Amino acid sequence: MKTLLRTLLYLALIVWLGAEIFFPIVAAITFTSLHPDTHTAGTIVGQLLRILHGMGLVSGMVALALLALAPAWGIYKPRNVLAPMTLAVLMIGCTVYSQFGIIPAMERDRMAAGGAIQSSDARNPLTVDFNKLHNRSEDVEMVIVLCGLATVVFVARAESVRI
């Protein structure tokens with residue numbers, strides 16, 4: 001049973017972190033292949049980001065639940081799950097912020113600019129705000145990746161500590 005629960009925890013972390021690492025590659029390829037049509041590329045990447053966030057929220061909740069239950073099931077010592085649980089909560093919080101805060105604000109700016117942000121003047125306040133939000137989105141996703149990597153390290157460390 002312990003092996004099954006550890007496996008589920010690892011799978012949840014693999015799915016989330018793997019998608020977070022894979023996403024920028026897909027985004028770069030999308031923009032490279034659709035370079036003349038940045039509006040279409042942005043629409044595709046936006047939809048993929050929503051899917052990524054959904055996967056992250058489900059994976060994050062599964063990982064958090066398994067980490068919370070692990071000490072009761074004798075898988076890890078209680079103090080060894082505190083850091084990965086804290087990081088998982090931070091990752092979930094960042095994902096929620098990006099999904100329900102940043103993305104809707106970017107979409108509002110895009111729609112207010114006439115649907116295609118790249119066709120508006122770079123000094124337009126909507127374009128400036130959109131670009132600021134886009135940079136913030138990239139930073140938030142980087143925080144998620146770094147926290148995910150740290151979570152993996154802490155879970156691996158917890159593995160090496162005997163109950």
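User: How are residues numbered, and which residues and atoms count?
Analyst: Residues are numbered from 1 along each chain as its sequence is written. In this predicted model, local features need pLDDT of at least 70, side-chain atom pairs count only at pLDDT 80 or more, totals for chains, interfaces and linings use all residues, and side-chain values use heavy atoms, with hydrogens and water left out.

User: What pattern does the chain follow along the sequence?
Analyst: Helices (H or I, at least four residues) and strands (E, at least two) are DSSP runs, numbered from the N terminus. The chain has four helices and zero strands. Its C-alpha atoms fill a box of roughly 60 × 30 × 20 Å along the principal axes. Read along the sequence, the pattern is α-α-α-α.

User: Is helix 1 roughly parallel or roughly antiparallel to helix 4?
Analyst: Axes are lines fitted to C-alpha atoms, for helices over the stretch in contact, and angles run from 0 to 180 degrees between N-to-C directions. Helix 1 (residues 2-33) and helix 4 (residues 125-160) pack at about 155°, with axes 10 Å apart. Angles under 35 degrees count as roughly parallel, over 145 as roughly antiparallel, 65 to 115 as roughly perpendicular and the rest as oblique. Helix 1 is therefore, relative to helix 4, roughly antiparallel.

User: What is the make-up by class of the contact of helix 1 with helix 4?
Analyst: Contact means heavy atoms within 4.5 Å; residues making it include W16 and L17 of helix 1 and G148 and L149 of helix 4. Ala, Val, Leu, Ile, Met, Phe, Trp, Tyr, Cys and Pro count as nonpolar, Asp, Glu, Lys and Arg as charged, and the others, Gly among them, as polar. The contact has 11 nonpolar, two polar and four charged residues.

User: How is helix 3 oriented relative to helix 4?
Analyst: The axes of helix 3 and helix 4 come within 9 Å and cross at roughly 165°. That angle makes helix 3, relative to helix 4, roughly antiparallel.

User: Which residues are closest to the centre of the largest pocket?
Analyst: On a 1 Å grid over the protein atoms alone, a cavity is a set of points where a 1.4 Å probe fits but cannot get out, and a pocket is an open set with protein on both sides within 12 Å along at least five of seven lines; lining residues have an atom within 4 Å of a point. The largest pocket holds about 920 Å³, a volume being the space filled by probe spheres set on the points, which are joined across faces, edges and corners. Helix 1, helix 2 (38-69), helix 3 (78-112) and helix 4 each supply at least two lining residues. Of the 30 residues in the lining, the closest to the centre are F31, G42, V45, M106 and H134.

User: Which helix gives the largest share of the lining of the largest cavity?
Analyst: The largest cavity holds about 30 Å³. Its lining is L5, R6, L9, L66, A70, I75 and Y76, with six nonpolar, no polar and one charged residue. The largest share, three residues, comes from helix 1.
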